[in-house]
Each structure stands twice: as C-alpha cells, then as structure tokens.
Amino acid sequence: MRTRIKICGLTREQDVQAVMASGADAIGFVFYPKSPRYVTPERAAELIRTVPPFITTVGLFVNASPEEVAATVKIAPLSLIQLHGDETVAEGAAIAAAAGRQYMKVFRVKPDTRPDELLEYEQANRAASPLFTSLLLDTYVDAYGGAGKGFDWSLVPKDLAPRVVLSGGLSVHNATDAVVGVRPYAVDISSGVEASKGIKDARKIADFVTAVRVGDATIESETHHESAVPR
Ligand SMILES: O=C(O)c1ccccc1NCC(=O)[C@H](O)[C@H](O)COP(=O)(O)O
C-alpha cells in the first residue's frame, strides 16, 4: 500500500503549491502561538483556499481548549485535527466533539517507552471517541514538536504500525528506511523539508516524497518476490 504523506508547518502559498506538486496527501497548519510556524486561523483559511480537492488539511493544536479549537475550525476549514500536547484521552475526545472533526493524537516517544504502552494508548483513544483516527508518533523533547529529532523505531509494535503516523526527525536520508522498516500508515515531516523554520524548501519536499515512494516500491517488490517463491 502507498504510504500517505503529510507535510506540516506550512505558512506560505508557494510552499502549499510545492506540496501539491510533490504528490503528498496532507498539509498541516500549526495553531500553537509559541511555534515559529504559527499561523492564525485567518491565515490558514487563506492558504486552504489554494488547496485542490482530495487533499487533507490538518490543524495542529497544543493543549488548546475545546472552545479554541471549535472557533478555529469555524474560520479555517480543516479536515482533521492533530492534538500535539498533553491532552488526556477524555480531553482529546471532548475537543474533537466540540470541533466536529476527526482527530489524531500524538504520543511523544521516550527512550523508555514500552511498545505495549503505545498499543494501550491507541486502544484507549479508539475506545474514547468514534472521531479518533490514529496515533501520531513523535519524539519526546522538552519543547513541543517540530524539533527534527528521531526515536527508536523498533519500539513501534508490528501490529500497530499499519495504523500509525510516523514522525520525528524524518528526512530524505531516512525516509526510505522508515517506510521499509516500520511500514506505517503515513509519515509526517516538518523541519526535515525546511530551508529555515516555517519556510519550506520545494526541492527537499520533492526529494522526501520520492524517498517515501522508493520505500513503497521496495515493499511492493519484496511482496511480489515472496509470493513468487514456490512453496
Ligand atoms: O512545528 C512546530 O513548531 C510544532 C510546535 C508544537 C508542536 C508540534 C509541532 N510540530 C510537529 C510537527 O510538525 C509534526 O507533526 C512532526 O512532529 C514532525 O516534526 P519534525 O521532526 O520537525 O519533522
């Protein structure tokens, strides 16, 4: 299956166009005021006007209230929300219900995270709301996200991988290995395709997408090879 690709932290029209040209599936807007990639809901709405159909527009929030998220989606027509803070399982469900949107919940992976913690956390979120879609795995850092730091992918359980969005320190250099090694549903990148914080680089975006597709093709050829071997 084709790995879905989200490019996060867009602030400029030309970057939205670069993502569309690359064939990626989703774009993300950061509504966390302390982020260098922060956009207002009004600015996100302007950028979303330039997005063609069938592209997922994602709003990233950190510890925002249900009211703030609901007010944001009234201004910016987001397809999906990403809760990237310390929202509890119940708070995540309440935020999504208030906004009337499906959501992803981040799990910020630490070196001592246990694989079964990830599975349990996914199950708890899934049980809490029909609007929950997937876990997004990022690396734990003191500040919140977009830090370009990776985590130990071997912590991702094999049976969870096809449902997760893998992020944290991805780049053109490790994207193929991430896809082949983890086999996630999707990958998410921000700093790895930037010229500077909040400013994307069209060449890096295109190269990242190509590296993900090389991973997909590798899996495809391995699968064909395995099924062609006589038993
Ligand atoms: O991008 C930010 O500034 C940001 C701020 C607060 C929370 C999360 C943030 N970004 C997260 C992402 O952009 C992605 O979902 C993902 O973690 C990718 O990050 P990166 O390691 O930079 O590729």
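Residue numbers start from 1 along each chain, in the order in which its sequence is written. Because the model is predicted, local features need pLDDT of at least 70 and side-chain atom pairs count only at pLDDT 80 or more, while totals for chains, interfaces and linings use all residues.

**View A. Crossing of helix 3 and helix 4.** The axes of helix 3 (residues 66–75) and helix 4 (residues 89–99) come within 8 Å of each other and cross at roughly 35 degrees. Helices are DSSP runs of H or I with at least four residues, strands are runs of E with at least two, and both are numbered from the N terminus. Axes are lines fitted to C-alpha atoms, for helices over the stretch in contact, with angles from 0 to 180 degrees between N-to-C directions. The crossing is right-handed, that is, the near helix is turned clockwise from the far one by less than a right angle.

**View B. Residues at the contact of helix 3 with helix 4.** P66, E67, V69, A70 and V73 of helix 3 meet A94, I95, A98 and A99 of helix 4 (contact: C-beta atoms, placed from the backbone, within 7 Å). Eight of these residues are nonpolar (Ala, Val, Leu, Ile, Met, Phe, Trp, Tyr, Cys or Pro), one is charged (Asp, Glu, Lys or Arg) and none is polar (the others, Gly among them).

**View C. Positive phi at F54 and N63.** F54, in the loop between helix 2 (41–48) and strand 3 (56–61), has phi near 70 degrees. F54 is exposed, with 6 other C-beta atoms within 10 Å. In the loop between strand 3 and helix 3, N63 has phi near 50 degrees. N63 is partly exposed, with 14 C-beta neighbours inside 10 Å (buried: 20 or more other C-beta atoms within 10 Å of its own; exposed: 12 or fewer; partly exposed: in between; C-beta atoms placed from the backbone).

Note on methods. Contact = placed C-beta atoms within 7 Å.
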